[in-house]
Amino acid sequence: VPLDVVASTSGVDSTTPAVGSVVDGRLADEGSTAVFPSTDAEVVDGVTVTCTLVTSDGGHVDLTLLAGKSGDAAITIVPLASYAAGLNADQSEQLANDVARTKVGALVPVPGTSAVALLHTKVAGASTAVILLSSEQLKRGQIEQLARQLDERLR
């Protein structure tokens, strides 16, 4: 996920490259005995990519990309998005409803004013994918711009 490149073209300066991890939740075999998935990646039979970009002013941009072969990545990530945006229960329910109505390539309206962006995207080999970006230092418009640019690069 080219977070470093997108951030630099958007005017977000960083002193180091983004660092993160990948969780592979693809089902190893059809005969798995697991009753409940233990990660979001397992819920969508895919992967979760997380990374953080430290900005030159000491802030950070956090990215989660969830992509899989089944389920709904955007609905699956609603609890994490709600936490990142500091939403209450009613706002989280509103977010879940908005996720269900938002088309691929469009930003999901996140309640409140926090710098959080949630965007349905397409990723090669996945039938469902979503980008979640957040930052305590940047403005909401900047985070939304980063999400749109990442979406363009991933397609």
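The entries below take up a pair of helices and then a pocket.

**Entry 1, the helix pair.** I kept in mind throughout that this is a predicted model. I looked up how helix 3, residues 73-85, sits against helix 4, residues 89-101, and found that they pack at an angle of about 150°, with their axes 10 Å apart. Since angles over 145 degrees count as roughly antiparallel, I noted that helix 3 and helix 4 are therefore roughly antiparallel to each other. I also wrote down that their crossing is right-handed.

**Entry 2, the contact.** I then asked which residues make the contact. On helix 3 they are Ala 74, Ile 75, Val 78, Ala 81 and Ser 82, and helix 4 answers with Ser 92, Leu 95, Ala 96 and Val 99. Sorted by class, this contact has seven nonpolar residues and two polar ones, with no charged residue.

Turning to the largest pocket, I recorded about 260 Å³ of space in it. Its lining has 15 residues, and those nearest the centre are Asp 62, Tyr 83, Ala 84, Ser 134 and Ser 135. I listed the elements that give two or more residues to this lining as strand 3 (60-68), helix 3, strand 5 (115-120) and strand 6 (128-135). By class, the lining divides into eight nonpolar, five polar and two charged residues.

Key
Residues numbered from 1 in each chain as written. Predicted model: local features only at pLDDT ≥ 70, side-chain atom pairs only at ≥ 80, totals over all residues. Heavy atoms only, no water. Axes fitted to C-alpha atoms, helices over the stretch in contact; angles between N-to-C directions. Helix = DSSP H or I, 4+ residues; strand = E, 2+ residues; numbered from the N terminus. Parallel < 35°, antiparallel > 145°, perpendicular 65-115°, else oblique. Left-handed = near helix turned anticlockwise from the far one by under 90°. Contact = heavy atoms within 4.5 Å. Nonpolar A, V, L, I, M, F, W, Y, C, P; charged D, E, K, R; others polar. 1 Å grid on protein atoms, 1.4 Å probe; cavity = no way out; pocket = protein on both sides within 12 Å on 5 of 7 lines; lining within 4 Å. Points joined across faces, edges and corners; volume = space filled by probe spheres on them.
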